[in-house]
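Reader: I would like to learn how to read a model like this one. Please take me through it feature by feature.

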Amino acid sequence: MKNYLRITHYALLAIGLALLFTAQRNQTALAQNPTPTDDEVNRIAHQLYCPVCENTPLDVCPTEACRQWRDLIRQQLSQGWTEDQIKQYFIDQYGVRVVGEPPRTGLNWLVYILPPAIILAGAILLFRALRAWTKPSTTAAAPRSKKEAPKDEYVARLEEELKKRK
Amino acid sequence: MLAEIGYGILVVTFIVALYSVGAAIYGERKKSPAFVESARRAMLLTWPLISLSAATLIYLLVTNHFEVSFVYEVTSREMPTYLKVTAWWGGQAGSLVFWSWLMSAFASLVTLRKWDRDREFLPWVIVVTSITTAFFLGLVIFFENPFARYWQTFDGQVVASMFAPANATAFFPQDGRGLNPLLRHPGMIIHPPMLYLGFVSFVIPYAFAMAALITGRTDDRWIRLTRRWTLWAWLFLSFGLVLGGRWAYDVLGWGGYWGWDPVEIAAFMPWLTGTAFLHSVMIQEKRGLLKHWNMILIILTYALVIFGTFLTRSGVLSSVHAFAQSAIGPAFFAFIGATFITSIALVIYRWPELRGETEMKSMLSREALFLLNNLLFMSVLVICFWGVIFPLISELVTGQKVTVGPPFYERATAPLFATLMFLMGVAPLSAWGNSTLLTLGRALWKSALAALAVTGLLFFTYTKNAIALIGFFLIAFVLFVTLIEFWRATRARMNAQNENFFTALLTLVGRNRRRYGGYVIHMSMMLMAIGILGIEVFQIQTQGTLPLDGSLKLGEYSVKYESIAQFTGPDNRQVTRAVVGVYDQKGNYLGELHPRIDYYPDAQQNMTIPGERPTLRDDLYVLLVDWQPVSANGATFKIFVNPLVNWLWIGAIIFFFGILIAAWPERESEVVPARTKRVHQPSAAD
């Protein structure tokens with residue numbers, strides 16, 4: 001039993017050391033991140049929208065504020081931040097408007113649900129209407145034909161002729 | 001004094017327009033042709049009156065009357081005269097005068113036509129167009145007055161007002177702020193008038209639709225009378241959109257032409273309903289169906305035209321607060337609401353009379369496919385409208401601002417556009433009245449096979465991207481269908497009439513302008529689709545800071561930074577212009593480009609103008625992002641390669657010719673009785 005405990009202790013120590021070593025290796029790697037290229041900065045900036053100008057992606061916004069935000073992204077990248085962390089930072093700082101689509105939460109679901117629902121309803125409506133129109137109607141046609149019934153013999157003959165031509 | 005005269009004329013015009021409405025209604029109700037004629041003349045008077053007021057405004061703009069607030073906001077001493085003239089529509093107040101001027105011009109044109117057969121429509125057309133004109137004049141007079149002057153109050157504050165506040169003296173600024181540099185581009189000078197022409201032209205079919213509903217003359221006469229107006233409206237609106245895209249591409253410096261911005265979408269939405277309407281009216285003309293739907297479509301188009309005008313200039317959708325603070329916001333919404341509800345109420349009132357005269361026989365008939373086309377256009381509209389409105393709703397309900405940007409629109413609309421393209425290939429070959437899978441299959445298989453062959457070729461030589469391949473298949477399919485249609489009919493004519501190819505083709509198109517104009521439009525759309533697909537799927541970009549003689553590689557191009565210079569350009573702008581050499585992969589010199597940054601001191605704003613190398617294969621697009629002013633040794637460039645994008649602009653030019661063909665007057669179209677065409681044999685040949 002004692003041996004088992006000792007083995008477990010050694011194992012835990014080894015795992016701990018390994019984790020520590022890995023973490024240190026990672027930290028060293030992050031600290032030594034080379035200066036990010038413009039393309040790396042722009043790739044993330046493209047997914048963010050200028051918090052000041054309306055509907056302008058951060059990578060192309062010409063304002064001084066946006067230039068500074070791009071520099072901030074560069075700095076964060078050089079410090080080893082991930083893309084998600086950078087995006088989250090901007091969301092925390094400036095709200096969800098900095099991302100190109102509303103996050104799928106709460107009321108925002110309406111953005112994604114309502115248009116397909118309306119389109120689907122339209123499609124069903126159209127399909128049903130088309131089916132109703134293409135079916136040989138007896139009940140629907142009767143009153144209309146009554147309404148459009150020719151008033152005199154000449155008109156009746158004319159209608160007949162026209163039907164034949166069809 | 002001039003400002004007072006300009007404003008006074010607008011007030012008089014407003015009263016004249018209102019009189020025109022009143023006289024037309026009174027004349028119609030009392031069956032008094034004299035009053036209707038009086039209304040018509042009153043309406044005809046509005047155009048010269050607004051022209052006079054506009055001339056006054058232009059004079060103030062050109063002669064640097066900065067004491068007028070509008071002149072101060074949109075011009076400066078440095079601006080060239082032509083820009084001062086175009087500044088008329090560069091600001092909100094002036095553009096509302098411009099809208100009214102166009103509206104009265106179009107309304108006058110339409111009332112000058114011969115009304116013999118359609119005299120019953122006249123009073124109501126006058127009512128609708130005059131109400132619209134009066135509404136815009138009212139906005140100008142009561143909310144957005146371009147003639148308001150600056151006054152300095154006794155406590156030193158400067159206020160803009162038409163009349164002098166108590167104890168205030170006139171204030172004369174030395175210089176104006178100048179037109180927004182982004183609006184000084186030729187594209188932007190023509191773009192708003194084109195868009196407005198499109199908007200205003202759509203009011204005419206709407207006015208006739210309302211006249212038809214009110215008078216109960218619900219056959220397709222109103223459609224036949226306004227068919228050409230609708231086509232011109234569509235042409236102007238389409239061209240306005242394309243010019244806007246070109247402007248964005250050349251001026252905004254982000255390597256694209258369309259950013260799904262609410263203002264862009266505002267102009268796109270009436271185009272969607274207008275396009276659906278253009279197709280849908282054909283069903284009513286040919287088959288006597290969809291009368292309700294056509295009414296609803298033109299009502300929607302009118303509402304979206306007013307909505308679009310509102311959004312384009314005011315930018316109120318940026319925030320709920322901006323809307324609440326906007327003076328014209330509530331007025332616009334009240335007008336849109338009132339006209340929409342009244343129009344729909346009229347449709348409901350005439351519902352029984354708007355029933356179809358025949359029935360649909362097949363789900364694959366052309367009318368059924370046109371209906372599907374309408375559903376798709378409406379679906380895109382729903383997505384666009386909701387995407388534009390939702391941020392406002394979110395802010396209103398939760399206080400949270402959200403952005404509905406390109407990723408949402410692109411994902412949601414791409415499948416719909418793809419289906420529309422497919423329909424563009426299938427629908428022209430289906431017959432009015434009846435079509436079966438077999439007849440359609442027979443008509444389509446050759447084109448489908450040829451398109452498959454093209455797609456296969458592209459798979460082995462150009463791309464393995466699935467989306468691109470689907471897109472190219474659809475484009476090739478539609479192009480083959482249309483070209484085969486042209487060829488079949490031309491060959492038939494060559495055989496029957498013993499004509500050579502060109503004579504046969506020209507006669508064919510000349511005698512069936514609407515049909516072949518439509519085909520040309522379809523083909524132009526496909527060329528535009530090539531450009532859109534190219535830039536959306538294959539665009540590549542890079543950015544880097546280069547020392548002098550340093551190079552940046554992208555795709556098959558290498559761009560070498562050669563020099564930079566600063567100088568003062570026309571319009572007093574400070575130009576920083578780089579010279580870059582362009583080389584291909586093998587190091588062959590292809591030419592030089594001049595990306596530049598223009599700084600406008602009056603507006604204190606930069607403009608980034610790209611250097612472009614357009615070819616049919618791609619567009620090399622180089623931006624000067626930044627530079628070190630002291631040493632000029634380093635400059636940052638952003639480079640895009642936009643494959644195939646120039647097909648978009650080529651397609652737009654062909655599109656223009658397509659509409660010209662379709663809209664060119666045909667003598668018989670005005671005199672053919674409405675019913676005679678409906679009794680023909682259903683066939684694909686129509």
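**Strands, cores and contacts**

Author: Start with strand pairing. Strand E9 (residues 596-600) of chain B and strand E10 (residues 605-609) of chain B pair in the antiparallel sense, over five bridges. The model is predicted.

Reader: What do E9(B) and E10(B) form, and how many residues lie between them?

Author: E9(B) and E10(B) make a hairpin, with four residues between them. In the turn, B:Gln604 has a positive phi of about 50°.

Reader: Which strand does E9(B) join through four bridges?

Author: That is strand E7 (residues 574-584) of chain B, and E7(B) and E9(B) run antiparallel. To follow the pairing residue by residue, look at bridge partners. B:Arg577 has B:Arg596 in E9(B) as its bridge partner. B:Arg596 in turn has B:Ile609 in E10(B) as a bridge partner.

Reader: How should I read a nonpolar core, and which residues touch the most other members of the largest one?

Author: Take a core as a set of buried residues joined through C-beta atoms within 7 Å. The largest has 214 residues, and B:Val125, B:Val203, B:Tyr206 and B:Phe208 touch the most other members. Leaving out residues up to four places away in sequence, B:Phe208 touches B:Phe121, B:Val125, B:Trp222, B:Leu225 and B:Thr226. A second core, separate and of 21 residues, includes B:Ile564, B:Ala578, B:Tyr621 and B:Trp627.

Reader: Which domains does the assignment give for chain A?

Author: The assignment gives domain 1 (1-32), domain 2 (34-100) and domain 3 (108-133). Taken over C-alpha atoms, the centres of domain 2 and domain 3 of chain A are 38 Å apart.

Reader: How many residues of each chain are in contact across the two chains?

Author: The size of an interface is often given as the accessible area lost when the parts come together. Here, go by residues: 40 of chain B are in contact with 34 of chain A. On the chain B side, helix H13 (366-398), helix H14 (406-426), strand E4 (540-547) and E10 each supply at least two residues. The largest share, 12 residues, comes from H13(B). By type, that side of chain B divides into 20 nonpolar, 15 polar and five charged residues.

Key
Residues numbered from 1 in each chain as written. Chains lettered and ligands numbered in written order. Predicted model: local features only at pLDDT ≥ 70, side-chain atom pairs only at ≥ 80, totals over all residues. Pairing = 2+ DSSP bridges. Domains from an automatic or database assignment. Buried ≥ 20, exposed ≤ 12 C-beta atoms within 10 Å, placed from the backbone. Contact = placed C-beta atoms within 7 Å. Nonpolar A, V, L, I, M, F, W, Y, C, P; charged D, E, K, R; others polar.
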